[in-house]
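Hi there,

Here is the structure I promised to pass on. My notes on it follow below, with the cut-offs included.

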Amino acid sequence: MGATYALGRFVLAPLARLVYRPRVEGRANVPRTGPVIFASNHLSFIDSIAIPVAAPRPVHFMAKSSYFDRWASRQFFTAIGAIAVQRGAGQAALDALDQQRKILDDGRAVALYPEGTRSLDGRLYKGRTGVAFLALQTGAPVVPVGLIGTDASMPVGARMPSMSERITVRFGEPLDLSRHGAATSGRARRGATDEIMAAIHALSGQELAGVYNEVPAQNPIERIKRALPFERL
């Protein structure tokens with residue numbers, strides 16, 4: 001990340017706090033040192049800016065590699081702690097988890113969205129197990145985060161966030177998920193994920209969707225596959 005990130009955190013974070021005046025609750029819950037995973041609901045593009053701005057320590061998150069194609073956008077995303085990643089399922093998801101594990105192994109913090117993608121209707125969707133896998137594999141505590149109002153501040157399609165809407169960032173108490181079992185256990189991953197999502201729900205107060213946030217199945221074969229139990233990372 002180097003000098004670009006250091007300068008970005010020094011300049012952009014105080015400026016964003018001054019302009020947008022976010023309400024930040026529970027900063028004392030965030031461990032100041034060591035690896036930590038921020039697991040948050042996802043309502044808006046600016047969620048990945050709100051968390052680093054509100055957190056009392058540097059935070060890194062994964063962003064689509066296309067955001068880094070142009071020099072200006074590459075500098076901006078690097079400045080706010082983003083790391084380029086090929087998004088997708090299967091091997092792409094595993095590669096992203098491996099990148100995040102390396103960050104945690106260095107004693108740093110990462111932010112992830114267990115829902116996988118933004119909620120377009122404001123509901124909280126079922127969590128994917130990648131966050132729990134990472135926590136169980138590394139032993140890093142998970143700090144649940146509830147974001148409120150980011151969808152009103154910057155709705156889908158907006159080019160810039162509104163300065164008239166204030167957002168709230170709530171940091172919950174760290175979760176030690178080790179009691180669920182090993183990362184190699186599907187039951188442990190599912191149980192840990194459900195605990196994370198329950199903590200996020202308690203902070204955000206969103207209506208629960210009860211399903212994964214996925215585009216509708218496009219054909220009968222896809223509908224059958226969706227009906228069968230399989231793990232979403």
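Glutamate 214 counts as partly exposed because its relative accessibility is 28%, and arginine 128 counts as buried at 18% (buried is under 20% relative accessible area, exposed over 50%, partly exposed in between, with a 1.4 Å probe and protein chains only). Their side chains meet in a salt bridge, 3.9 Å from N to O; a salt bridge here is a side-chain nitrogen of Lys or Arg within 4 Å of a carboxyl oxygen of Asp or Glu. The two residues are 86 apart, with glutamate 214 in the loop between α7 (186-204) and α8 (220-227) and arginine 128 in the loop between β5 (109-112) and α5 (130-138). Helices (H or I, at least four residues) and strands (E, at least two) are DSSP runs, numbered from the N terminus.

Before going on: this is a predicted model, so local features need pLDDT of at least 70 and side-chain atom pairs count only at pLDDT 80 or more, while totals for chains, interfaces and linings use all residues. Residues are numbered from 1 along each chain as its sequence is written, and side-chain values use heavy atoms, with hydrogens and water left out.

The whole structure has 11 salt bridges. One of them joins glutamate 25 and arginine 170, with the closest N and O atoms 3.0 Å apart. Glutamate 25 is in strand β1 (residues 23-25) and arginine 170 in strand β7 (residues 168-171), so this pair ties together parts 145 residues apart in sequence. Aspartate 121 and arginine 123 form another, at 2.9 Å between the closest N and O atoms.

Phenylalanine 10 is exposed, at 66% relative accessible area, whereas valine 11 is partly exposed at 40%. The C-alpha atoms of valine 11 and alanine 79 are 9.4 Å apart, although 68 residues separate them along the chain.

Finally, α2 (47-54) is mostly covered, with seven of its eight residues buried. Among them are Asp47, Ile51 and Pro52.

Best wishes
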